[in-house]
Amino acid sequence: MISSEMPLNKKILIAEDEAIVAMGIQDTLKSFGYGISGIVQSGEEVFRHLAEEKPDLLIMDINLKGNLNGIETAEKIKSDFDIPVIFLTAYSKDEILRKFSKHEPFRHLNKPCRPSDLFDEVESAIADSG
């Protein structure tokens with residue numbers, strides 16, 4: 001359920017190679033009161049952004065442009081940064097479990113996602129992280 005309280009100073013990085021999808025997520029998150037620290041399209045850009053900014057959360061598509069996919073990027077993030085990741089994917093949960101079971105625990109949203117699901121997942125990830 002969407003809370004009437006506005007999130008306090010939480011910035012989210014969106015890593016999505018489909019511009020329309022990224023803009024939709026950005027608009028939805030802004031409507032909930034979150035700040036957007038940026039939108040990037042590749043794993044390499046994620047790391048450049050994380051080195052400059054300190055977002056509270058990363059929402060990342062499994063398929064990204066560049067040499068690193070979302071899973072590979074998340075593996076490196078886990079070892080170098082303390083930031084929760086929500087995967088954005090067109091895969092079903094079962095497909096993700098089969099392909100990426102060694103990467104659990106993980107959060108994910110299926111594309112397209114409902115605004116209420118996005119809010120709930122973001123709130124849960126932020127609450128779990130600290």
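**Close-up views of a predicted model**

View 1. Phenylalanine 81, by contrast, is partly exposed, because its relative accessible area is 28%. The model shown here and in the following views is predicted. Three aromatic pairs are counted in total. In one of them, phenylalanine 47 and phenylalanine 81 adopt a tilted arrangement, with 6.3 Å from centre to centre and 35° between the planes. Distant parts of the chain are linked by this pair: phenylalanine 47 lies in helix H2 (residues 43–52) and phenylalanine 81 in the loop between H3 and S4, 34 residues apart.

**View 2. The aromatic cluster of Phe32, Tyr34 and Phe119.** These three residues, Phe32, Tyr34 and Phe119, are joined into a cluster by ring pairs. Phe119 is also one of the buried residues of helix H5.

**View 3. Strand S4 and its burial.** Strand S4 comprises residues 85–89, and five of the five are buried, so the strand is largely enclosed by the rest of the structure. In a regular strand, side chains alternate between the two faces of the sheet. Both faces of S4 are covered, with Val85, Phe87 and Thr89 buried on one side and Ile86 and Leu88 buried on the other.

View 4. Strand S3 (residues 57–61) pairs with S4 in the parallel sense over four bridges. Within this pairing, methionine 60 stands opposite phenylalanine 87 of S4. Between S3 and S4 the chain passes through helix H3 (residues 70–80), forming a right-handed β-α-β crossover. S4 also pairs with strand S5 (residues 107–110), again in the parallel sense and over four bridges. Leucine 88 has leucine 109 of S5 as its bridge partner.

**View 5. Helix H5 and its packing partners.** Helix H5 spans residues 115–129 and contains 15 residues. The distance from its first C-alpha to its last is 21 Å, close to the 21 Å expected at 1.5 Å a residue. Its buried residues are Leu118, Phe119, Glu121, Val122, Ala125 and Ile126. The buried residues of H5 pack against strand S1 (11–15) and helix H1 (19–31), as well as against strands S3, S4 and S5.

Notes: Residues numbered from 1 in each chain as written. Predicted model: local features only at pLDDT ≥ 70, side-chain atom pairs only at ≥ 80, totals over all residues. Heavy atoms only, no water. Buried < 20%, exposed > 50% of the residue type's maximum accessible area, 1.4 Å probe, protein only. Helix = DSSP H or I, 4+ residues; strand = E, 2+ residues; numbered from the N terminus. Pairing = 2+ DSSP bridges. Right-handed = clockwise from strand over helix to strand, strands pointing away. Phe/Tyr/Trp six-rings, centres within 6.5 Å; stacked < 30°, edge-to-face > 60°. Expected span 1.5 Å × (residues − 1). Contact = heavy atoms within 4.5 Å.
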